[in-house]
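Work through the exercises below with the sequence and the structure open. Each task is followed by its solution.

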Amino acid sequence: MIVAKRKPIDEIKDLLKDYKKVLNVGCGTCVAVCLTGGEKEVDVLCAELDMARKMDDNPVDIEGTTIERQCDREYLEALDSKVEGYEAILSMACGAGIQFLAERYPEIPVLPAVDTTFIGVNQGVGWYEERCRSCSSCVLGMTGGVCPVTMCAKGLYNGPCGGTNDGSCEIKKEQPCAWYMIYERLEKQGRLDCIINFKPAQNWENQVPRTLIQPGYEKPE
Amino acid sequence: MKAGSNLEKILEAGHFAFTGELGPPRGSNADEVREKAEFLKGNVDSVNITDNQTAMVRMSSWAASIIAIQAGLEPNYQMVCRDRNRLAMQSDILGAYALGVRNMLCLSGDHQQFGDHPQALGVFDIDSMQLINMAKTMRDEGKFLGGADIEEPPKLFIGAASNPFAEPFDWRVHRLAKKISAGVDFIQTQCIYNMEKFREFVKRANDMGLLEKVYLLAGVTPMKSVGMAKYMKSKVPGMDVPDEIIKRLQGAEKGKVADEGIKIACEQIEEFKELKGIAGVHLMAIEWEHMVPEIAERAGVLPRPEV
Ligand code: SF4
């Protein structure tokens, strides 16, 4: 899932300082699962902002609502009838959702309440770790299911580097060396031949905005 | 002859090579490079010019390489993958070659988090293995990585580093083999202190026939003090410093620790001269350039052969 973290209250306050009527929109998908921007967090942020603005003698009329997915047109429709009359929209979705809202309501400033952080896994309640950089050309098949682009601090395709330190990455002891893990796993599986050959330079495909159209589908005119 | 550098000629002729290292200044004073160069001149076959070593901004390695050439030294131009993408790397290779550089060393580079700009974007567009291959393709096929022809291909003698110690140890020789298949001509190893492990590494490399395909220069850094040895042991990633080394330094007479360090280095060099598959020594006397003449003398590698 996409993992995000909420921006500090002062930063959000600053973004909203000129607006007196604000709609705070949560998203019920990834950011809800990672406890950042779902229904509950929308309520909490609304209450926080309400209180803070009162203390500043600059009250705000803030209302919260959460839709299933901000990155999906189908669900955004539900907002069309609500946005009327608001000076600004605050979005607690990931960067994709925020942009999709901004695109749909170009007359109204749409402002981010979270920092989108990574694509990752849920290691435990409230504990998430990055696992994927969406590079568009997955090499997990040759690297024993450990992503060198994400998990190696230098994104090496022919690791490990000379700094690998007894299973740890050179950047810090607590960070496992991705290439050490790759080696260990492939060795156990008897598949070291996967990484025995030189891997040539990557054709980076994530340097321009990407579009995907599934086979059998078309982009509407 | 691939590049015709002095280092290549020395190695081709079967001489035991001796290379040094020079770190460019943290400023723009060319005299600092010249001063260090004076100590190295005549005592080494080629000198590595480091590239933003330890991720600290320094004078660019190609510029310092040119100053070294003017000062009568042959540079081994280091290039790390951290700070440049493939366009910048290739254009720097062309420029360095145009100005007389004939050796280069391809490295990943220390992570930017260690240096004085920890907030920097680490480029790592290609890795050190791919850099080797790119330099080789430029030289031997006269083509850029993108496939286009190069008008006048840069003919560089291509080097890389190797860490013979880091775990997984079993993978070390395979990684060396990979560098060879990527196209490396010579290797300079990480500083060696654990001789036993190094002998094992060399044995395995010999068994695989690797040292017939590449020139391996053993990395030596004399210890200046007990503190330095302890620091290297505990703080420098990938460094293997056995306790015996520390004990030996501790046992040295007062004021004679650095001398003992040089003695250990010279003993190592003597062994490397005899070790099958070792083509020379790479002396990394970091911020100790003024000692290079004495170390070279005591290591019995002077005078350097003229080729
Ligand atoms: S130590 Fe391992 S994970 Fe860290 S940069 Fe080097 S190869 Fe990558």
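**Exercise 1.** Find the residue in β6(B) that stands opposite Ala161(B).

Solution. The residue opposite Ala161(B) is Gln188(B). Strands are DSSP runs of E of at least two residues, and helices are runs of H or I of at least four, both numbered from the N terminus. Two strands pair if DSSP finds at least two bridges between them.

This is a predicted model, in which local features need pLDDT of at least 70 and side-chain atom pairs count only at pLDDT 80 or more, while totals for chains, interfaces and linings use all residues. Residues are numbered from 1 along each chain as its sequence is written, chains are lettered from A and ligands numbered from 1 in the order written, and side-chain values use heavy atoms, without hydrogens and water.

**Exercise 2.** State how α2(B) and α3(B) are oriented to each other.

Solution. The axes of α2 (residues 30–40) and α3 of chain B come within 9 Å and cross at roughly 50 degrees. Axes are lines fitted to C-alpha atoms, for helices over the stretch in contact, and angles run from 0 to 180 degrees between N-to-C directions. Angles under 35 degrees count as roughly parallel, over 145 as roughly antiparallel, 65 to 115 as roughly perpendicular and the rest as oblique. The two helices, α2(B) and α3(B), are therefore oblique.

**Exercise 3.** Which strands does α3(B) lie across?

Solution. Helix α3(B) (residues 61–70) lies across β2 (46–49) and β3 (75–80) of chain B. Its direction is at about 180 degrees to β3(B).

Technical notes. Contact means heavy atoms within 4.5 Å.
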